[in-house]
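Please look over the sequence and the structure before reading on.

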Amino acid sequence: MNRSALAIGLATVTLFGASAASAAAPPKPVYIHMNGANEFLERLVFVRPGQKVVFVNEDTGAHAILGYSPQTGAASKTFDAPALAGTPGKGHKVHTYSISFRHQGPEWYYCPVHAELAKAPGGVWLPKVRPGVHGFGTPMAGLIIVTTDPALLKDNPATSASKILPGYFGG
Ligand SMILES: [Cu+2]
C-alpha cells in the first residue's frame, strides 16, 4: 500500500466513523426562550433539517408562536403554537413547544399576542409591536434558518443549548 492509498483508507474510516456516530445520536435540540421582556432571547438560530427547535416560556404570562411568509403575510398552517401558558417561576412547570423543519431555508415567526404583521415599503410583511402592548421597543419575532452549513450551525447563541435558563424567569 503506498502512502496515498493509506491516506484514502484512513479518510474512509474517519468518514464512516463520523456518520455512524451521528446516526446513533441525533443532534440536540436548539432552545429559544421567552420571559417578561416579550421578546425571543435567541432571535436568530440555525438548525439542521429534522433537528428539534424547542420554545421555552419562562414568563409568567402566555405567548404564542406563529410562522408566516414575509412575501404574502400568510400564516403557516404547520408552524403554529396557539398559546404557551406562563409559569410562576423557578421550580414550577415550564411550558414548551417543539417543532422541526424538513427543508432548508428561512422560517420566520412572531408572537401574535405581542406583535402583528404590517406591510412595509417594498410590499414585504414585517412584525411590529401590537398596539396596546406597551413598554417594549421591539416586536416579538424571530428567524430560524434551516441549514446543513457547519459554520452557521456552530454560530448559535450559547443560551440556545440549555432548556431552562435559571436566571431568565420573570415578567
Ligand atoms: Cu408574546
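Asparagine 57 stands opposite histidine 95 in S6. The model that shows this pair is a predicted one. Strand S3, which covers residues 53–57, pairs with S6 in the antiparallel sense, and five bridges join the two.

S3 and S6 belong to an open sheet of three strands, arranged in the order S1-S3-S6 with mixed pairing. Strand S1 (30–34) and strand S6 (95–99) are at the edges; each has a single partner strand, so one side of each has no neighbour in the sheet. On average, neighbouring strands of this sheet are turned by 20° against each other, direction ignored.

## The five-stranded sheet

Another open sheet is built from five strands, and its order is S2-S10-S7-S4-S5. Its pairing is mixed. Which strands are at its edges? They are strand S2 (44–47) and strand S5 (75–84), each of which pairs on one side only. Between neighbouring strands of this sheet the average turn is 20°, direction ignored.

## Inside the five-stranded sheet

S7 and S4 follow one another in the order of this sheet. Strand S4 consists of residues 63–68 and strand S7 of residues 105–110. How many bridges link S4 and S7? There are three bridges, and the two strands pair in the antiparallel sense.

Notes:
Residues are numbered from 1 along each chain as its sequence is written. This is a predicted model: local features need pLDDT of at least 70, side-chain atom pairs count only at pLDDT 80 or more; totals for chains, interfaces and linings use all residues. Two strands pair if DSSP finds at least two bridges between them. Helices (H or I, at least four residues) and strands (E, at least two) are DSSP runs, numbered from the N terminus. Axes are lines fitted to C-alpha atoms, for helices over the stretch in contact, and angles run from 0 to 180 degrees between N-to-C directions.
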